[in-house]
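Dear colleague,

Please find below the structure that I promised to hand over, followed by some notes on what turned up in it.

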Amino acid sequence: MVDPLVVLDGVGVSLGGKPVLRDVDLTVTPGETVGISGPNGSGKTTIVRVLATLIKPDQGGAVVLGADLDSSDFYAIRRMIGLIGHVPALIPELSLRENLSHYARLGGIDEDRIDPVLDVVGLDSASDRRASASSFGMKRRVEVAHLLLARPRIVLLDEATSGLDTEARELIDALIDRTTAADGAVVMVSHDAEALASVCSRVLRIGGGRLEPVT
């Protein structure tokens, strides 16, 4: 039997005293791409933040990559989790290449791998541009390049394809394929259930803080 990469069991999360997630169950196994759809404010991003070990559940149990999120074990697995949020997370005053160098140093990654990855994502000729002067699509490509460098076991995509051109979307698709082929898993959240269905092994819907299969 294959051990799951994620197990959420009756997870509840409240933010500012308001319940956001209620009794959420989720199991993700190696090779899966799981989609979670729902409207804005439904709790999609909160689930991503739990899986990224950025929020501890108030109720229930959560185990990610074998680490119980109710303990300090999760610090050891953070480098095996990759996250692309709906807003690119780059340091504005650094160039695109410098942002990748910064990621590489933090993650103990060989910086000699940066140039080949910049070429893969189509930024080799624009790598010296400051992030603050770069387009949304360029910033998103840097985030994809970061995950190609880091090779995380779990990739979390929070509205990651929104506003991207076809070529950039294909890079996200390639990242998904690479991750699942290496026995990792991907969890994607989006308001667009139809788009999720085209790339995911299965799609769930969140409403009222609860997660349910899409029938």
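**Salt bridges and one buried threonine**

The side chains of Glu32 and Arg202 meet in a salt bridge, at 2.6 Å from N to O (a salt bridge is a side-chain nitrogen of Lys or Arg within 4 Å of a carboxyl oxygen of Asp or Glu). Glu32 sits in the loop between β2 (18-28) and β3 (33-37) while Arg202 belongs to strand β9 (residues 202-207), so the pair ties together parts that are 170 residues apart in sequence. Helices (H or I, at least four residues) and strands (E, at least two) are DSSP runs, numbered from the N terminus.

This is a predicted model, in which local features need pLDDT of at least 70 and side-chain atom pairs count only at pLDDT 80 or more, whereas totals for chains, interfaces and linings use all residues. Residues are numbered from 1 along each chain as its sequence is written, and side-chain values use heavy atoms, with hydrogens and water left out.

Glu32 counts as buried at 13% relative accessibility, and Arg202 is partly exposed at 29% (buried means under 20% relative accessible area, exposed over 50%, partly exposed in between, with a 1.4 Å probe and protein chains only).

The whole structure holds seven salt bridges. Another of them joins Arg140 and Glu143 at 2.5 Å, N to O; both residues lie in helix α4 (residues 136-150), three residues apart, about one turn of the helix. Arg140 is buried at 1%, and Glu143 is buried at 6%.

Finally, Thr179 lies in helix α5 (residues 166-181) and is buried, at 7% relative accessibility.

Best wishes
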